[in-house]
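Hi,

Here is the structure I promised to pass on. My notes follow below it.

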Amino acid sequence: MIGRFLLTGAVVAPFAVGILLSRADAGNVEFRFEDPEIVESSGLVAQDGLFVTMNDSGDVGRVFAVDPTDGETAGVTRWSGDATDMEALAPAGDGGVWVGDIGDNTGARDSVRLYRVPVGIGDRDVTPQSWDLTYPGGARDAETLMADPVTGRLYIASKSVFGGTLYAVPSNLGPGDNRLAAVGRVLPVATDGAFFPDGKHVIVRDYSRAVVYSFPDLEEAGTFRLPNQRQGEGIAVDAAGSVFVSTEGQHTSVLRVSLPSALRHLVTPRSAGGQSATPDVDAPAVVQPSGDTPDAERWTWQGRPWWTYAVVGWVGLVVLAVLVRGVRRLRR
């Protein structure tokens, strides 16, 4: 009887731990995409009172400007030409956004492409400027494009289960191939990211968590769980430092995320009176501050991505198989 209990526990415990620790706050619904044409929201920008998004790979060249007061599309910007795998957006200022055609799941593209397009109220057809980008050392898959609000320089984070790398786009883009330069390491499987208004911190997300880094040294300031979503691939930071996340799917919601207090006080702009510009409400998430904390302690279960729980579950199955085999041998 005891043996059976231990065998059951060896399998059930890893799954139970994973489920319990993967729970996160539901977030606050800012609005819902009402446009049925927005089916795979990938990339998110909060700019000029609007939210800009686009569909994932497979769509034509277009971006949607959405009014958060009612979730309706206020304007669509379209352009012709081949769209290989558009995955990311970043604010460009002056009523424009950067569009990153940077997806490359198979690592087969010789170069990726960057566009700058105008966005806002009303539909428009444009012929945007575009630039080709190449990585040092060969092709990379990426879904994250970020724009420094101070210098305007662009950065791309690669997406890989073995760890992501942040690359700087040349400050002076020109014709031909513009070669990216590696800056430092970021979390694996990055699906989007954004700068905070101070230009001194960035936030990068995967499907289940977000990590805040100081910039440009990319020291981890903290990590926290994101609300559970169908396939979270968008994150945006507005001028007040508020964080929003989006997910794929038709009529999905954009959620406002409350940062844990330690991070909020670090990145939120201050008002004239020296107070935080956003309400001082704690998020129900746990921060693992970096400081002098060893890596082995910093990457706790609370900050792990969803696939780590699956790995532990498979390990549990392996343990079960070994134990069952051992019990059978003892009975012979």
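Is Asp59 buried or exposed? Asp59 is buried, at 16% relative accessible area (buried means under 20%, exposed over 50%, partly exposed in between, with a 1.4 Å probe and protein chains only).

Before the rest, some housekeeping. This is a predicted model, where local features need pLDDT of at least 70 and side-chain atom pairs count only at pLDDT 80 or more, while totals for chains, interfaces and linings use all residues. Residues are numbered from 1 along each chain as its sequence is written, and side-chain values use heavy atoms, leaving out hydrogens and water.

Back to Asp59: it makes a salt bridge with Arg62, with the closest N and O atoms 2.8 Å apart (a salt bridge is a side-chain nitrogen of Lys or Arg within 4 Å of a carboxyl oxygen of Asp or Glu). Arg62 also meets Glu37 in a salt bridge, 3.1 Å from N to O. That pair links distant parts of the chain, 25 residues apart, with Glu37 in the loop between β1 and β2 (41-47) and Arg62 in strand β4 (residues 62-66). Strands here are DSSP runs of E, at least two residues, numbered from the N terminus. Arg62 is buried at 12% relative accessibility, whereas Glu37 is partly exposed at 40%. Together, Glu37, Asp59 and Arg62 form a network of salt bridges.

Another salt bridge joins Arg256 to Glu30, at 3.2 Å between the closest N and O atoms. Arg256 sits in β22 (residues 253-257) and Glu30 in β1 (residues 28-32), so this pair ties together parts 226 residues apart in sequence.

Cheers

Conventions
Helix = DSSP H or I, 4+ residues; strand = E, 2+ residues; numbered from the N terminus.
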